[in-house]
Amino acid sequence: MVFLSAVGACTSWLPRPDLGSPALAPDLAAGEGAGLSATFLGVSSLVLDDGRSSIVVDGFVSRPSAASVLLRPLRSGEDVMEAVIERTVRGRALAILVAHGHHDHAMDAAALSRRLDVPVYGSSSVVRLMENSGLAEDRRRVLTNALIALPPYRVRAFATPHSPDERLSGEIAETFDTPARVFRYRGGQNQSFLIEHPLARVLVVPSAHLRETDLEGVRADVVFLGVGRLGRQDETFARRLWCRAVRHTEARLVVPIHWDDFFEPLDRPLRAMPYLVDRVDLGLARLEAYARRDGVRYQRLERFDTIDLAAATGLTRVPGPDPVSCPA
């Protein structure tokens, strides 16, 4: 435990790529009257909002340090949660969609549900975690491979694989009290979400892995694409992910997510994961190169950056002379 504590305390000092601060393109920045926007909260957490109603994806904002995660039960940060809600939720929240049961996706969902008075949707493992967190029965709902209407949104959940080399796999099936230690937060079934609004179709793929038929027939304007551990995979794997998430969905804008170090607090600029964990620079470079070759807009976001999702529907795909070849 002493060793783990020392490692956790030193993660901020581990070598990592310096990605610089991304510049938000003026034509994608959401102005005061944006009809439908998305605000990035780091990892795969997003708030989609049309000014009247909103949907939260994951909503992980507490971001406890590595030392805290290793040594103590996980507790949501009430102050940071309140500040994030105040800053990002313009319209009344309708739901929280949780990708899977790991702490960097699910640990704040129950507390956020109480704050916003909305249900949490996710796999059976996520729902069991919400039950263990004391969330009322009518606020926890299983959603896997199904379509639900949350007017003016429609949400379709797809069971998709977690990134390769998953840690803390398996289902959350047992009953336990919360706050709980991180090993209780097992992934269960991972999910991707297609969120359709009259102004745009938004696909969120939180983990960098897709099977050939996972998103068959899906069309999207914007893809928020998880790149965690993508830099550790080979080129064929990366091109398959690109083709299945972006090329085949005919998306016009791709936004990388799950590239930042989630042990760093949200009041500081986002930083890439250390080299010891991932080659974030390589994963992002691949994504940017594929976008350029296929004529797709690429936009990395800083925390609290807000993009105009409706603007993405006006973008045009103009593939270059060397489009990405899609492996079988």
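Figure 1. Two strands are said to pair if DSSP finds at least two bridges between them. The model shown in this and the following views is predicted. Five bridges join S11 (residues 222–226) to S12, and the two strands run parallel. S12 (residues 253–257) also pairs in the parallel sense with S13, over two bridges.

Figure 2. How many of the residues of S12 are buried? Five of its five residues are buried, and the strand is mostly covered. Both faces of S12 are covered, with Leu253, Val255 and Ile257 buried on one side and Val254 and Pro256 buried on the other.

Figure 3. The buried residues of H3 are Met81, Val84, Ile85 and Thr88. Seen down the helix axis, these residues fall within an arc of 100°, so they line one face of H3. An α-helix has 3.6 residues a turn, so residues three or four places apart point the same way. The buried residues of H3 pack against strand S1 (37–40), strand S2 (46–49) and helix H5. On the face turned away from the buried side, H3 carries the exposed residues Asp79, Glu86 and Arg87.

**Figure 4. The largest cavity and its lining.** The model has one cavity of 30 Å³ or more. About 60 Å³ of space lies in the largest cavity. Its lining consists of Leu41, Val47, Val56, Gly59, Val61, Met81, Val84, Ile85, Thr88, Val89, Leu112 and Leu116. Two elements, helix H3 (78–88) and helix H5 (109–116), each give two or more residues to this lining. Which element provides the largest share of the lining? The largest share comes from H3, with four residues. By class, the lining has 10 nonpolar residues, two polar residues and no charged residues.

**Figure 5. The second largest pocket.** This pocket has a volume of about 210 Å³. It is lined by 15 residues, and those nearest its centre are Leu74, Ser76, Met107, Ser133 and Thr178. H5 and helix H6 (124–132) are the elements that give two or more residues to the lining of the pocket. The largest share, three residues, comes from H5. The lining of the second largest pocket divides into nine nonpolar, three polar and three charged residues.

Figure 6. Pro73 lies in the loop between helix H2 (66–71) and H3. Is Pro73 to be classed as buried, partly exposed or exposed? Its relative accessibility is 35%, and Pro73 therefore counts as partly exposed; buried means under 20%, and exposed means over 50%. When its neighbours within four places in sequence are left aside, Pro73 is in contact with Pro179, Ala180 and Arg181. Pro73 and Phe183 are 110 residues apart in sequence, while their C-alpha atoms are 9.7 Å apart in space.

Notes:
Residues numbered from 1 in each chain as written. Predicted model: local features only at pLDDT ≥ 70, side-chain atom pairs only at ≥ 80, totals over all residues. Heavy atoms only, no water. 1 Å grid on protein atoms, 1.4 Å probe; cavity = no way out; pocket = protein on both sides within 12 Å on 5 of 7 lines; lining within 4 Å. Points joined across faces, edges and corners; volume = space filled by probe spheres on them. Nonpolar A, V, L, I, M, F, W, Y, C, P; charged D, E, K, R; others polar. Buried < 20%, exposed > 50% of the residue type's maximum accessible area, 1.4 Å probe, protein only. Arc of directions from axis to C-beta. Contact = heavy atoms within 4.5 Å.
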